[in-house]
Amino acid sequence: MKKKIFLITVLMTLLLSGCNFPSAKSTPTPAPTPTPNYGMQLYYGLGMSIYLPPTYVAEDIKTQLPGIIETLTTLFGSKDGAVKDFIDDLEGNISWYGYDSGTAAVYPTRLVVIHNKTLAKTPLSLVIYGLERVLRRENVEVDSDTLTLNGRETYRFTYSEAGNAWVAYVFKAEEQLWLSVFITTPANLAVSLGDYDVSVGSMSIAPLPAQ
């Protein structure tokens, strides 16, 4: 289990330490449903939905997975055991991925939402501790807060330095661990952090199918 936690924190670090995914081929997605309350629209992903500004565009992250998997394999030397289990989980655990077409085309704000059933069995404090250890090892200085969003205890990490910025939200819901990461610029983070909080707080998580 400890190795599993370390593997997912490595992935988080890859996402959070400035991995600027290139544009991927757009895939069909249900038409967003407008809502006048937030000036946002409802987007649907795997097992979840989220309100985002209407300028967001859904993409297929699977085109980026080979590079992530190659990095993980290089780090750990094989695709056996826990590494293989983690990679197999990863391919089906991306719930939503896309970008904000209303931000600068050179570096558009991106959002990736990941879920993981196995880690939901681990105390959230232990997952957060593992993530903090990896970030410190990578010399990534982050600010952390504990929020209550939509009644859920949510850990929020923010980073802004040297032209790169991100905010990551970690919480548990419906027997799964959820990670939502907005990858953006310091300027966008400064003006949009409240909107990111609203979006993550708006997330509706579908119950897991009965076994």
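Okay, so first: the model is predicted, local features need pLDDT of at least 70, side-chain atom pairs count only at pLDDT 80 or more, and totals for chains, interfaces and linings use all residues. Residues are numbered from 1 along each chain as its sequence is written, and side-chain values use heavy atoms, with hydrogens and water left out.

Let's start with the sheet. It's open, with seven strands in the order β4-β5-β6-β10-β9-β8-β7 and antiparallel pairing. Strands here are DSSP runs of E, at least two residues, and helices are runs of H or I, at least four, numbered from the N terminus. Two strands pair if DSSP finds at least two bridges between them. At the edges you'll find β4 (56-58) and β7 (143-149), each with a single partner strand, so one side of each has no neighbour in the sheet. β4 pairs with β5 (residues 94-100) over three bridges, and Val-57 stands opposite Tyr-99 there.

Now the rings. Phe, Tyr and Trp rings (six-membered ring for Trp) pair if their centres lie within 6.5 Å; planes under 30 degrees apart are stacked, over 60 edge-to-face, the rest tilted. That gives five aromatic pairs. Take Tyr-159 and Trp-166: their centres are 5.7 Å apart and their planes at 20 degrees, so they're stacked. Phe-182 and Tyr-196 are stacked too, at 4.2 Å and 15 degrees. Phe-182 sits in strand β10 (residues 176-184) and Tyr-196 in helix α5 (residues 186-201), so this pair ties together parts 14 residues apart in sequence.
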